[in-house]
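Dear colleague,

Please find below the structure that I am handing over to you.

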Amino acid sequence: MNPWLLLNSGKGEAAFNMALDETLLEAMSRLQAPVLRFYGWTEPAATFGYFQKYSSVERATLLRPLVRRPTGGGIVPHDADWTYSFAVPPGHEWHSLAAIESYRRIHEWIQGAFAKLKIQTEPALSQKSAVGNPDLPGECFTGHEKFDLLWHGKKIAGAAQRRNKLGLLIQGSVQPPPVSLSRDDWEEAMRAAATESFSIQWQAYSPDKDLSVRATELARQKYSQIGYNQKR
(Lines give C-alpha, C1' and ligand atoms only; values in the text may rest on other atoms or scores of the structure.)
Protein backbone atom coordinates (compact mmCIF):
# COMPACT_ATOMS: atom_id res chain seq x y z
CA MET A 1 0.00 0.00 0.00
CA ASN A 2 1.26 3.48 -0.85
CA PRO A 3 1.93 5.83 2.09
CA TRP A 4 0.06 9.14 2.25
CA LEU A 5 0.76 11.72 4.95
CA LEU A 6 -1.92 13.08 7.28
CA LEU A 7 -1.56 16.50 8.90
CA ASN A 8 -4.17 17.86 11.32
CA SER A 9 -2.83 21.31 12.07
CA GLY A 10 -5.76 22.61 14.16
CA LYS A 11 -6.86 26.23 14.06
CA GLY A 12 -4.64 28.87 12.54
CA GLU A 13 -4.70 32.51 11.51
CA ALA A 14 -5.86 33.14 7.95
CA ALA A 15 -2.46 34.26 6.62
CA PHE A 16 -0.69 31.29 8.17
CA ASN A 17 -3.28 28.83 6.84
CA MET A 18 -2.65 29.98 3.28
CA ALA A 19 1.10 30.08 3.84
CA LEU A 20 1.24 26.53 5.15
CA ASP A 21 -0.69 25.22 2.15
CA GLU A 22 1.74 26.91 -0.24
CA THR A 23 4.69 25.62 1.78
CA LEU A 24 3.37 22.07 1.50
CA LEU A 25 3.23 22.50 -2.27
CA GLU A 26 6.82 23.77 -2.28
CA ALA A 27 7.90 20.75 -0.20
CA MET A 28 6.33 18.08 -2.41
CA SER A 29 9.52 17.13 -4.22
CA ARG A 30 11.23 16.61 -0.87
CA LEU A 31 8.37 14.80 0.85
CA GLN A 32 7.57 12.59 -2.16
CA ALA A 33 4.15 11.65 -0.82
CA PRO A 34 0.69 13.24 -0.93
CA VAL A 35 -0.32 15.21 2.16
CA LEU A 36 -3.91 15.61 3.34
CA ARG A 37 -4.24 18.51 5.75
CA PHE A 38 -7.26 19.30 7.93
CA TYR A 39 -7.36 22.74 9.54
CA GLY A 40 -9.54 25.41 11.11
CA TRP A 41 -9.57 29.14 11.74
CA THR A 42 -8.84 31.19 14.86
CA GLU A 43 -11.36 33.81 13.68
CA PRO A 44 -13.98 34.19 10.94
CA ALA A 45 -12.29 34.97 7.62
CA ALA A 46 -12.72 34.71 3.87
CA THR A 47 -10.31 33.68 1.17
CA PHE A 48 -10.52 34.50 -2.51
CA GLY A 49 -8.96 33.26 -5.72
CA TYR A 50 -5.51 34.35 -6.83
CA PHE A 51 -6.79 36.12 -9.95
CA GLN A 52 -9.70 38.04 -8.38
CA LYS A 53 -9.77 41.79 -7.84
CA TYR A 54 -9.69 42.83 -4.20
CA SER A 55 -11.85 45.89 -4.88
CA SER A 56 -14.67 43.59 -6.01
CA VAL A 57 -14.14 40.98 -3.33
CA GLU A 58 -14.33 43.44 -0.43
CA ARG A 59 -17.81 44.51 -1.57
CA ALA A 60 -19.06 40.93 -1.74
CA THR A 61 -18.45 39.79 1.85
CA LEU A 62 -18.33 41.31 5.30
CA LEU A 63 -15.93 38.68 6.60
CA ARG A 64 -12.50 39.92 7.60
CA PRO A 65 -9.64 39.30 7.20
CA LEU A 66 -9.71 38.78 3.45
CA VAL A 67 -6.75 36.75 2.22
CA ARG A 68 -5.78 35.88 -1.34
CA ARG A 69 -5.31 32.15 -1.85
CA PRO A 70 -2.44 30.56 -3.81
CA THR A 71 -5.15 28.80 -5.86
CA GLY A 72 -7.97 30.10 -8.07
CA GLY A 73 -11.71 30.01 -7.52
CA GLY A 74 -14.22 32.31 -5.88
CA ILE A 75 -14.83 33.76 -2.44
CA VAL A 76 -14.97 31.15 0.34
CA PRO A 77 -16.35 31.97 3.81
CA HIS A 78 -14.48 30.37 6.68
CA ASP A 79 -16.86 31.09 9.53
CA ALA A 80 -18.39 27.61 9.84
CA ASP A 81 -16.73 25.41 7.25
CA TRP A 82 -14.52 22.35 7.43
CA THR A 83 -11.37 23.25 5.54
CA TYR A 84 -8.82 20.89 4.06
CA SER A 85 -5.99 20.87 1.54
CA PHE A 86 -4.43 18.09 -0.49
CA ALA A 87 -0.91 18.39 -1.92
CA VAL A 88 0.56 15.93 -4.42
CA PRO A 89 4.18 15.63 -5.65
CA PRO A 90 5.16 15.97 -9.31
CA GLY A 91 5.05 12.67 -11.15
CA HIS A 92 2.22 11.33 -9.01
CA GLU A 93 -0.90 10.10 -10.83
CA TRP A 94 -3.02 12.97 -9.46
CA HIS A 95 -0.50 15.50 -10.76
CA SER A 96 -0.90 14.21 -14.32
CA LEU A 97 -4.70 14.50 -14.32
CA ALA A 98 -6.50 17.23 -16.23
CA ALA A 99 -7.87 19.89 -13.87
CA ILE A 100 -11.48 18.78 -14.36
CA GLU A 101 -10.52 15.20 -13.51
CA SER A 102 -8.69 16.02 -10.28
CA TYR A 103 -11.67 18.23 -9.35
CA ARG A 104 -14.05 15.36 -9.99
CA ARG A 105 -11.89 12.89 -8.09
CA ILE A 106 -11.52 15.01 -4.94
CA HIS A 107 -15.28 15.40 -4.70
CA GLU A 108 -15.92 11.72 -5.36
CA TRP A 109 -13.63 11.10 -2.39
CA ILE A 110 -15.68 13.46 -0.22
CA GLN A 111 -18.88 11.88 -1.50
CA GLY A 112 -17.56 8.48 -0.45
CA ALA A 113 -16.79 9.82 3.01
CA PHE A 114 -20.32 11.17 3.43
CA ALA A 115 -21.71 7.84 2.22
CA LYS A 116 -19.89 6.13 5.08
CA LEU A 117 -21.77 8.48 7.40
CA LYS A 118 -25.11 7.56 5.77
CA ILE A 119 -25.43 10.99 4.15
CA GLN A 120 -26.39 10.91 0.49
CA THR A 121 -24.76 13.50 -1.75
CA GLU A 122 -24.36 13.86 -5.50
CA PRO A 123 -21.97 15.58 -7.90
CA ALA A 124 -23.18 18.59 -9.83
CA LEU A 125 -23.48 17.57 -13.47
CA SER A 126 -23.35 21.12 -14.79
CA GLN A 127 -22.59 24.67 -13.75
CA LYS A 128 -25.21 26.83 -12.03
CA SER A 129 -24.44 30.52 -11.83
CA ALA A 130 -25.13 32.43 -8.64
CA VAL A 131 -28.04 34.86 -8.69
CA GLY A 132 -26.90 38.35 -7.80
CA ASN A 133 -24.87 41.29 -9.00
CA PRO A 134 -22.98 40.24 -12.17
CA ASP A 135 -20.31 42.85 -11.41
CA LEU A 136 -19.30 41.10 -8.19
CA PRO A 137 -16.94 38.11 -8.12
CA GLY A 138 -18.23 34.61 -7.61
CA GLU A 139 -19.16 33.55 -4.11
CA CYS A 140 -18.20 29.92 -3.96
CA PHE A 141 -21.32 28.52 -2.28
CA THR A 142 -24.07 30.61 -3.90
CA GLY A 143 -23.93 28.68 -7.20
CA HIS A 144 -21.99 25.61 -8.20
CA GLU A 145 -19.50 24.34 -10.76
CA LYS A 146 -19.50 20.98 -12.48
CA PHE A 147 -18.49 18.23 -10.05
CA ASP A 148 -19.05 20.33 -6.94
CA LEU A 149 -20.76 18.20 -4.28
CA LEU A 150 -24.47 18.75 -3.63
CA TRP A 151 -26.77 17.79 -0.78
CA HIS A 152 -30.47 18.08 -1.66
CA GLY A 153 -29.45 20.31 -4.55
CA LYS A 154 -27.40 22.68 -2.40
CA LYS A 155 -23.64 22.92 -2.78
CA ILE A 156 -21.76 21.68 0.28
CA ALA A 157 -18.25 21.14 -1.09
CA GLY A 158 -16.08 23.08 -3.51
CA ALA A 159 -12.38 23.44 -4.17
CA ALA A 160 -9.68 25.38 -6.01
CA GLN A 161 -6.48 24.10 -7.56
CA ARG A 162 -2.95 25.07 -8.48
CA ARG A 163 -0.84 22.76 -10.59
CA ASN A 164 2.78 23.52 -11.54
CA LYS A 165 6.20 21.90 -11.65
CA LEU A 166 6.25 21.75 -7.84
CA GLY A 167 3.17 19.53 -7.71
CA LEU A 168 -0.58 19.88 -7.29
CA LEU A 169 -2.34 21.79 -4.51
CA ILE A 170 -6.09 21.47 -3.93
CA GLN A 171 -7.68 23.72 -1.32
CA GLY A 172 -11.18 22.67 -0.38
CA SER A 173 -14.05 23.74 1.82
CA VAL A 174 -17.01 21.74 3.11
CA GLN A 175 -20.11 23.49 4.41
CA PRO A 176 -21.52 20.60 6.47
CA PRO A 177 -25.19 19.77 5.95
CA PRO A 178 -27.52 20.60 8.86
CA VAL A 179 -27.61 17.08 10.28
CA SER A 180 -26.17 15.49 13.38
CA LEU A 181 -22.57 15.10 12.32
CA SER A 182 -19.22 15.89 13.90
CA ARG A 183 -16.13 17.05 12.10
CA ASP A 184 -14.11 14.28 13.74
CA ASP A 185 -16.45 11.68 12.23
CA TRP A 186 -16.14 13.27 8.79
CA GLU A 187 -12.33 13.36 8.98
CA GLU A 188 -12.26 9.70 9.99
CA ALA A 189 -14.57 8.89 7.09
CA MET A 190 -12.25 10.78 4.71
CA ARG A 191 -9.32 8.67 5.84
CA ALA A 192 -11.30 5.45 5.49
CA ALA A 193 -12.66 6.36 2.06
CA ALA A 194 -9.16 7.10 0.75
CA THR A 195 -7.77 3.85 2.14
CA GLU A 196 -10.42 1.90 0.24
CA SER A 197 -10.50 3.91 -2.98
CA PHE A 198 -6.80 4.56 -3.48
CA SER A 199 -5.19 1.58 -1.70
CA ILE A 200 -3.08 3.76 0.54
CA GLN A 201 -1.81 3.67 4.11
CA TRP A 202 -1.94 6.77 6.29
CA GLN A 203 1.08 8.03 8.18
CA ALA A 204 0.82 10.85 10.72
CA TYR A 205 2.86 13.86 9.67
CA SER A 206 4.20 16.90 11.50
CA PRO A 207 6.03 19.68 9.65
CA ASP A 208 9.76 19.78 10.35
CA LYS A 209 11.60 22.92 11.41
CA ASP A 210 12.48 24.04 7.88
CA LEU A 211 8.89 23.74 6.69
CA SER A 212 7.52 25.53 9.76
CA VAL A 213 10.01 28.38 9.38
CA ARG A 214 9.13 28.75 5.70
CA ALA A 215 5.39 28.84 6.43
CA THR A 216 5.88 31.49 9.10
CA GLU A 217 8.00 33.51 6.68
CA LEU A 218 5.38 33.31 3.91
CA ALA A 219 2.62 34.30 6.34
CA ARG A 220 4.55 37.37 7.46
CA GLN A 221 6.05 38.48 4.15
CA LYS A 222 3.23 37.56 1.75
CA TYR A 223 -0.20 36.53 3.03
CA SER A 224 -0.49 39.15 5.76
CA GLN A 225 0.69 41.94 3.47
CA ILE A 226 -1.76 44.51 2.08
CA GLY A 227 0.36 44.72 -1.06
CA TYR A 228 -0.24 41.04 -1.83
CA ASN A 229 -3.88 40.75 -0.85
CA GLN A 230 -4.93 43.99 -2.54
CA LYS A 231 -2.63 43.86 -5.56
CA ARG A 232 -5.46 43.73 -8.12
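Buried residues account for 52% of the 232 residues in the protein chain, and the model described here is a predicted one. The chain contains eight helices and 11 strands. Its radius of gyration is 17 Å, close to the 17 Å that the globule rule gives for 232 residues, so the chain is as compact as a globular protein of that length. Taken along the principal axes, the box filled by the C-alpha atoms is roughly 50 × 45 × 35 Å.

Two further values describe the chain as a whole. Among contacts with a separation of 6 or more, 72% are between residues 24 or more positions apart. The exposed surface comes to about 11,000 Å², of which carbon and sulfur atoms supply 50%.

Eight of the strands form an open sheet in the order 7-8-9-10-6-2-1-11, and the pairing in it is mixed. Strand 7 (122–123) and strand 11 (200–204) stand at the edges with a single partner strand each, so one side of each is left without a neighbour in the sheet.

Seven of its seven residues are buried, so strand 6 is largely enclosed by the rest of the structure. The burial extends to both faces: W82, Y84, F86 and V88 are buried on one side, and T83, S85 and A87 on the other. On the side of strand 10 (residues 167–174), strand 6 pairs in the antiparallel sense over seven bridges; there, V88 has L168 as its bridge partner. Strand 6 also pairs with strand 2 (residues 35–41), again in the antiparallel sense, over five bridges. In this pairing L36 stands opposite F86, and F38 has Y84 as its bridge partner.

Strand 2 is likewise mostly covered, with seven of its seven residues buried. One of its faces carries V35, R37, Y39 and W41, the other L36, F38 and G40, and all of these are buried. Strand 2 runs parallel to strand 1 (residues 2–12), to which seven bridges join it. N8 stands opposite F38 of strand 2.

One of the pairs concerned is L149 with A157 in strand 9.

Strand 3 (residues 46–48) pairs with strand 4 in the parallel sense over three bridges, with V67 of strand 4 as the bridge partner of T47.

Backbone features to inspect

Most residues other than glycine have a negative phi, and most peptide bonds are trans.

The peptide bond joining R64 and P65 is cis, with an omega of about 5 degrees. P65 is found in the loop between helix 3 (54–60) and strand 4. R64 can also be located relative to I226, which is 162 residues away in sequence and 13 Å away in space, C-alpha to C-alpha. I226 belongs to helix 8 (residues 226–229) and is exposed, with a relative accessible area of 60%.

K118 is not a glycine, yet its phi is positive, at about 65 degrees. This residue lies in the loop between helix 5 (99–116) and strand 7. K118 counts as exposed, at 77% relative accessibility.

F147 also has a positive phi, of about 75 degrees, although it is not a glycine. Its place is in the loop between strand 7 and strand 8. Is F147 buried or exposed? With a relative accessible area of 15%, F147 is buried, because the cut-off for a buried residue is under 20%.

With kind regards

How values were computed
Residues numbered from 1 in each chain as written. Predicted model: local features only at pLDDT ≥ 70, side-chain atom pairs only at ≥ 80, totals over all residues. Heavy atoms only, no water. Helix = DSSP H or I, 4+ residues; strand = E, 2+ residues; numbered from the N terminus. Rg over C-alpha atoms; globule rule 2.2 N^0.38 Å. Buried < 20%, exposed > 50% of the residue type's maximum accessible area, 1.4 Å probe, protein only. Contact = heavy atoms within 4.5 Å. Areas by Shrake-Rupley, 256 points an atom, 1.4 Å probe, with all protein chains shown as cover. Pairing = 2+ DSSP bridges.
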